[in-house]
Amino acid sequence: MKPIQMVDTKSQYLKKKTEIDAAIHDVLDSAAYINGKPVQDFTAALNAYHGSGFTVPCANGTDALQIAMMALGLEPGDEVITPSFTYIATTEVVALLRLKPVFVEVDARTFCIEPAAIRKAITSRTKAIVPVHLYGHAAPMEEIMQIAKEHGLYVIEDNAQAIGCDYTFSDGTVKKTGTIGHIGCTSFYPSKNLGAYGDGGAIFTNDQTLAHKMKMIANHGQEKRYYHDLVGCNSRLDSIQAAVLNIKLKELDNYIAARRAAASFYSNAFANNAKITTPFVAPYSNHVYHQYTLTLNGVDRDALNVYLADKKIPSMIYYPVPGHRQKVFEAFGLDNYHLEITDWLTERVISLPMHTELDEEQLNYIATETLNFINNN
Ligand SMILES: *Cc1c(COP(=O)(O)O)cnc(C)c1O
């Protein structure tokens, strides 16, 4: 059996090696390392994949979120509602810009922000909501957009884990996650569903003025070289990464299908086990399985993690400490938070290996060993 990895970017690369190596060499030959043709080509291709609107490439997913918040003109002290149960990048940029993160609950089944909790957290200082499509499943965007409309708030989607996910509205309209809010942000970190071989990110919006502003912010606030109209930053997707992404974007839907096949193998194996809750897929979303995450009931999760490691099966806890328990946010009055579902999930979730290259022998071994531990402990 091939060694099992949490994410196997190498095997995936080898399948496209000839094409990718050639594309990288083209960039080397062109010497247009920054803003070369691959950047423009990839930006256009990603925009087409999403259907319409405007795409601004940038250096990584964290910058994408930061640039989005800068472009919306949020000011120090403005409140931004976001789930506590997410990766630090989502909430870190809020604090970095001297805005106030307001952590709210998630739905225990979808792991995504809970609309009723958003409503309760709104104050006169609330300016924006940042839903996260965690693990590759959409947050309930229709309701979130409705809340935002009622209260005049901005919505920035953190789509770093869900590129390619489809959201179905109650009237049957289907849109890609990341294209529904005022701004959508994504990451091309190597382990993401569309991963580069280094860092990368992109921002999406349907608003041309906002797109223009974000493009300027990502480029030192300039439109005309050396004339700086806005406070910006330096956040570029480099040509080599864009060349790689351009090839991999064509495979994205195949990659998603491979992830779904692996997830479906796992979910069949774990069906009807009272101690295991497999990923839920809400009627409004499909799942792109950035992670395949179980919620365990009456199982020593950390002992399972150790048991699997002993069997050479990696597993991960995403994430061991939620936002409202992070030291970095202590200044925001964390003692006032009582996020029982978030705490409950934090103790019970475990993510199994999930990538495009898992074969049936590996999946069978992982499922069998997981069940071995759970049924005997
Ligand atoms: C990966 C990730 C980010 C940040 O992306 P980087 O490219 O690593 O900066 C933001 N939010 C979520 C939910 C992520 O998973």
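Modeller: Let's start with a pair you can find quickly: Glu-357 and Lys-15 form a salt bridge, with their closest N and O atoms 2.6 Å apart. By salt bridge I mean a side-chain nitrogen of Lys or Arg within 4 Å of a carboxyl oxygen of Asp or Glu. This is a predicted model, where local features need pLDDT of at least 70, side-chain atom pairs count only at pLDDT 80 or more, and totals for chains, interfaces and linings use all residues. Residues are numbered from 1 along each chain as its sequence is written, and side-chain values use heavy atoms, leaving out hydrogens and water.

Colleague: Into which domains is the chain divided?

Modeller: Domain bounds come from an automatic or database domain assignment. Here they give domain 1 (9–249) and domain 2 (252–375). The domain centres, taken over C-alpha atoms, are separated by 24 Å. Counting contact as heavy atoms within 4.5 Å, 47 residues from domain 1 and 38 residues from domain 2 take part.

Colleague: How much area do domain 1 and domain 2 bury between them?

Modeller: Buried area is the accessible area (1.4 Å probe) that two parts lose on being put together, summed over both. For this pair of domains the value is about 3,700 Å², with 60% of it on carbon and sulfur atoms. Phe-103, Tyr-135 and Asn-193 supply 20% of the area that domain 1 buries against domain 2, more than any other three residues.

Colleague: How many residue pairs are in polar contact across the interface?

Modeller: A polar contact is a pair of N or O atoms within 3.5 Å; within protein, one must be able to donate a hydrogen and the other to accept it, and residues adjacent in sequence count only if both atoms are side-chain atoms. The rule finds 24 such residue pairs between domain 1 and domain 2, both residues being at pLDDT 80 or more. The salt bridge count between these domains is 1.

Colleague: Which residues surround the ligand?

Modeller: For this, a residue needs one of its heavy atoms within 4 Å of the molecule. Among those around the ligand are Asn-60, Tyr-87, Asp-158, Ser-187 and Lys-192. Asp-158 places a polar side-chain atom 2.7 Å from a ligand nitrogen atom. Ser-187 has a polar side-chain atom 2.6 Å from an oxygen atom of the ligand, and a side-chain N or O atom of Lys-192 is 3.1 Å from an oxygen atom of the ligand.

Colleague: Which peptide bond is cis?

Modeller: Look at the one from Tyr-318 to Tyr-319, with omega near 5°.
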